Amino acid sequence: MSEHHHDHDHDHSELSETELRVRALETILTEKGYVEPAALDAIIQAYETKIGPHNGARVVAKAWTDPAFKKALLEDGSKAIGTLGHVSRVGDHLVVVENTPERHNMVVCTLCSCYPWEMLGLPPVWYKAAPYRSRAVKDPRGVLADFDVTLPKDMEIRVWDSTAETRFLVLPMRPEGTEGWSEEQLAELVTRDSMIGTGFPRTPGGPS
Amino acid sequence: MNGVHDMGGMDGFGKVEPEPNEPMFHEEWESRVLAMVRAMGAAGAFNIDTSRFYRETLPPHVYLSSSYYKKWFLGLEEMLIEKGYLTREEVAAGHAMQPAKALKHGKFDLGQVERILVRGKFARPAPAPAKFNIGNRVRARNIHPTTHTRLPRYVRGHVGVVELNHGCHVFPDTAAIELGESPQWLYTVVFEGRDLWGEDGDPTLKVSIDAFEPYLDPA
């Protein structure tokens, strides 16, 4: 057996072990009448289709075009988003923090993986992994460099560690050159990372 | 507990490596684990703080070497066994062998799905007035409980300023070990980066945590 083939088998059997254990657990929970498998399917389908960064992007784009909404959003994120018909699913205690020319905000959960699911979907692996969780509160500029993001030297950087059931969403600065753009057009510029604080929105004519 | 999950400020984990076009799940089983955790939590088998505590109590080498959803799976299985919803024999056999234990909110069926798409509510009526006002200086207590806490090590003993008051919330420290919700005032407390990390720290950095009142003393 070649070295490569051996590695492949090894990886495969490790994956299978976890897969088998997960299946066994679901079988037991089903047989005991705790869960209905179709309900588990529906949960997964909802996460795959209904939640995602498009929700946050619409909120950001609305804030960029509607000063009254932006004011309400910064005062009480959950309440303001609750008034938008098309983004109705939002939990309590969403705090929206605004980037300005003087201050950049960045969100982390050093203790686990707290993240505004309803606005951004399920968090990416890097958000839940040790490199980000360990360094974001100590060396955020170093972390930003891993994302090819550089901030002006004297700009304040504020890191929000999500240690309770509050959730944080960054309101990034509106890109220049977007005067007169519609909410729909603006929402296309809003990236997931710009709402975590590890990136910026796309710029008009820039890479998508 | 002073576990490896409390990662703020640790060194040596390397670069952050974003994955371009990352899929929502890397393996199908990950989605089943997510769904089982959400379903059993919603059915009342455990609260969110208990589920976090079970992941934190995984042995450090397991915590550090397991993928995110593997940790969720290991925590879920152990928690359901210890809470009496299944037995080790059933897990070994891969089938139910004992009668079910009643779930507080009943079986998780299709009709329950909609309600879990919005996070639960954690605000509670205040049992007493808030001790701190916005702008107060507070010191994070130097406490080291061996049970679940949401006060990260890197702020303990340091002085910060109360910036926001979020009202009274379920207290994770007691909820995690099933000693009740014991609602406490919750504040955003902001620290200067150099107070936390010393003179070599980034002078432009401010870090905040959300701190429950029992984590704080006046300073």
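**Close-up views of a predicted two-chain model**

**Figure 1. The loop that holds B:Ser182.** B:Ser182 is located in the loop that connects helix 6 (172-175) and strand 3 of chain B. The view, like those that follow, is taken from a predicted model. Although B:Ser182 is not a glycine, its phi is positive, at about 35°. The residue is partly exposed because 16 other C-beta atoms lie within 10 Å, whereas a buried residue would need 20 or more and an exposed one 12 or fewer.

**Figure 2. Strand 3 of chain B and its partners within chain B.** Strand 3 of chain B covers residues 184-192 and is mostly covered, with 7 of its 9 residues buried. Strand 2 (residues 159-169) of chain B runs antiparallel to strand 3 of chain B and is joined to it by 6 bridges. Strand 4 (residues 205-212) of chain B also pairs with strand 3 of chain B in the antiparallel sense, over 7 bridges. The residue B:Val189 can be followed across these pairings: B:Val189 is the bridge partner of B:Val162, and B:Val189 also stands opposite B:Ile209 in strand 4 of chain B.

**Figure 3. The contact between chain A and chain B.** Chain A contributes 63 residues to the contact, and chain B contributes 68 residues. On the side of chain A that touches chain B, at least two residues each come from helix 1 (3-31), helix 2 (37-49), helix 7 (125-128), helix 8 (130-135), helix 9 (140-146) and strand 3 (156-161) of chain A. Helix 1 of chain A gives the most to this side, with 11 residues. By class, the residues of chain A on this side are 34 nonpolar, 9 polar and 20 charged.

**Figure 4. Packing of helix 1 against helix 4 in chain B.** Helix 1 (residues 28-42) and helix 4 (residues 68-82) of chain B pack at an angle of about 40°, and their axes are 9 Å apart. Helix 1 of chain B is therefore oblique to helix 4 of chain B. The crossing of the two helices is left-handed. From helix 1 of chain B, the contact is made by B:Glu30, B:Val33, B:Leu34, B:Met36, B:Val37 and B:Met40; from helix 4 of chain B, by B:Tyr69, B:Trp72, B:Phe73, B:Leu76 and B:Leu80. This contact has 10 nonpolar residues, no polar residues and 1 charged residue.

Figure 5. A:His93 belongs to the loop between helix 5 (77-82) and strand 1 (94-98) of chain A. Phi of A:His93 is near 65°, which is a positive value in a residue other than glycine.

**Figure 6. The loop position of A:Thr100.** A:Thr100 is placed in the loop between strand 1 and strand 2 of chain A. A:Thr100 is exposed because 11 other C-beta atoms lie within 10 Å. Between A:Thr100 and A:Glu36 the separation is 64 residues in sequence and 48 Å in space, C-alpha to C-alpha.

**Figure 7. Chain B as the setting for the views of its helices and strands.** Chain B has 7 helices and 5 strands, which follow one another from the N terminus as α-α-α-α-α-β-β-α-β-α-β-β. Along the principal axes, its C-alpha atoms fill a box of roughly 60 × 45 × 35 Å. Of the 219 residues in chain B, 39% are buried. Among contacts in chain B with a separation of 6 or more, 65% are between residues 24 or more positions apart.

Definitions and conventions. Residues are numbered from 1 along each chain as its sequence is written. Chains are lettered from A and ligands numbered from 1 in the order in which they are written. This is a predicted model: local features need pLDDT of at least 70, side-chain atom pairs count only at pLDDT 80 or more; totals for chains, interfaces and linings use all residues. Helices (H or I, at least four residues) and strands (E, at least two) are DSSP runs, numbered from the N terminus. Two strands pair if DSSP finds at least two bridges between them. Two residues are in contact if their C-beta atoms, placed from the backbone, lie within 7 Å. Ala, Val, Leu, Ile, Met, Phe, Trp, Tyr, Cys and Pro count as nonpolar, Asp, Glu, Lys and Arg as charged, and the others, Gly among them, as polar. Axes are lines fitted to C-alpha atoms, for helices over the stretch in contact, and angles run from 0 to 180 degrees between N-to-C directions. Angles under 35 degrees count as roughly parallel, over 145 as roughly antiparallel, 65 to 115 as roughly perpendicular and the rest as oblique. A crossing is left-handed if the near helix is turned anticlockwise from the far one by less than a right angle, and right-handed if clockwise.
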